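Hi,

Here is the structure I said I would pass on.

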Amino acid sequence: MKNFSKYIVLTLLFSQCIIFGQKINLTQNNLKAVGSYVSESKVMGSKAIRIVKDSTIILDDEATYARINDVDFSQGVIEVKVLSKILKNAPPHARGFIGLAFHINDDNSRFEAIYIRPANAMVDDQLRRNRSTQYFAYPDFKFTDSRKTAPGVYESYEDMELNKWISIKIVVKEQQAKLYLDGRKEPSLIVNDLKLGKSAKGAVGLFVDIGTEGFFKDLVISKE
């Protein structure tokens with residue numbers, strides 16, 4: 001009887017995940033370009049959304065994403081497949097920056113984000129490899145700020161490559177966020193003090209940074 005009860009509980013939990021999981025239709029009509037150029041494209045045989053940062057925005061960790069229309073996210077899971085290439089005219093410090101912004105406020109002046117740097121994971125420089133993933137909060141806690149106040153705490157190494165589809169999953173629970181790549185059991189990055197606070201909420205965006213030609217597909221958002 002106990003085992004049967006556990007089965008019922010697990011079934012209900014699984015059913016809730018299915019109910020709350022929403023696959024987002026990624027088209028230009030469902031996206032708003034913020035500090036970026038957005039188009040529908042095809043890469044490696046798959047339809048995808050292509051995003052490139054507005055070249056007039058020089059600073060890093062800015063509001064440069066495609067904002068999803070009509071999504072209000074606080075806690076839950078965001079999943080997407082990404083592929084990044086480095087543009088031919090990219091500056092030397094381009095790394096294929098690509099990821100997700102979340103808790104975006106109405107005027108895009110506050111949000112937090114987790115992104116990856118696939119190029120860093122492919123070099124023999126250990127310090128760069130340790131900077132393959134990144135969390136930041138805009139506008140007051142960019143990667144330069146975290147490296148000054150808490151070196152290594154908000155970034156980590158993980159195996160990944162440019163020009164290859166990578167599955168990103170971000171799990172947000174109150175003031176914690178965990179990043180999982182390619183279905184791995186253990187998180188690649190854990191952030192225990194999200195800077196916008198445990199009650200933060202807002203839109204979700206498909207994020208890129210300088211020198212990146214980013215592609216996105218298969219976006220699913222599950223809310224708690």
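Below is what turned up, starting with the charges and moving on to the rings. Keep in mind that this is a predicted model.

**Salt bridges**

The count comes to twelve salt bridges. As for solvent, E224 counts as exposed because its relative accessibility is 64%, whereas K173, at 43%, counts as partly exposed.

Next, E161 and K164 form a salt bridge at 3.9 Å, N to O. Since the cut-off is 4 Å, that distance still falls within the rule. E161 has 36% relative accessibility and is partly exposed; K164 is partly exposed too, at 43%.

K195 and D193 also meet in a salt bridge, this time at 2.8 Å, N to O. Here K195 is partly exposed at 36% relative accessibility, and D193 is partly exposed at 26%.

Then there is a network: salt bridges link R117, R131, R147 and E155.

**Aromatic rings**

Searching the whole structure gives nine aromatic pairs. One of them is F111 with F136, an edge-to-face pair with 5.7 Å centre to centre and 80 degrees between the planes. This pair links distant parts of the chain, with F111 in strand β8 (residues 111-116) and F136 in strand β9 (residues 133-138), 25 residues apart. Both F111 and F136 are buried.

Another pair is F141 with Y154, again edge-to-face, at 5.0 Å centre to centre and 80 degrees between the planes. F141 is in the loop between β9 and α3 (143-149) and Y154 in the loop between α3 and β10 (155-156), which puts them 13 residues apart. F141 and Y154 are both buried.

**Where charges and rings meet**

Two residues from the salt-bridge section come back here. The charged end of K195, the partner of D193, sits over the ring of F141, 4.6 Å from its centre. R117, part of the network, lies over the face of F143, at 5.6 Å from the ring centre.

Cheers

Technical notes
Residues are numbered from 1 along each chain as its sequence is written. This is a predicted model: local features need pLDDT of at least 70, side-chain atom pairs count only at pLDDT 80 or more; totals for chains, interfaces and linings use all residues. Side-chain values use heavy atoms; hydrogens and water are left out. A salt bridge is a side-chain nitrogen of Lys or Arg within 4 Å of a carboxyl oxygen of Asp or Glu. Buried means under 20% relative accessible area, exposed over 50%, partly exposed in between (1.4 Å probe, protein chains only). Rings of Phe, Tyr and Trp (its six-membered ring) pair if their centres lie within 6.5 Å; planes under 30 degrees apart count as stacked, over 60 as edge-to-face and the rest as tilted. Helices (H or I, at least four residues) and strands (E, at least two) are DSSP runs, numbered from the N terminus. A charge sits over a ring if NZ of Lys or CZ of Arg is within 6 Å of the ring centre and within 35 degrees of the ring normal.
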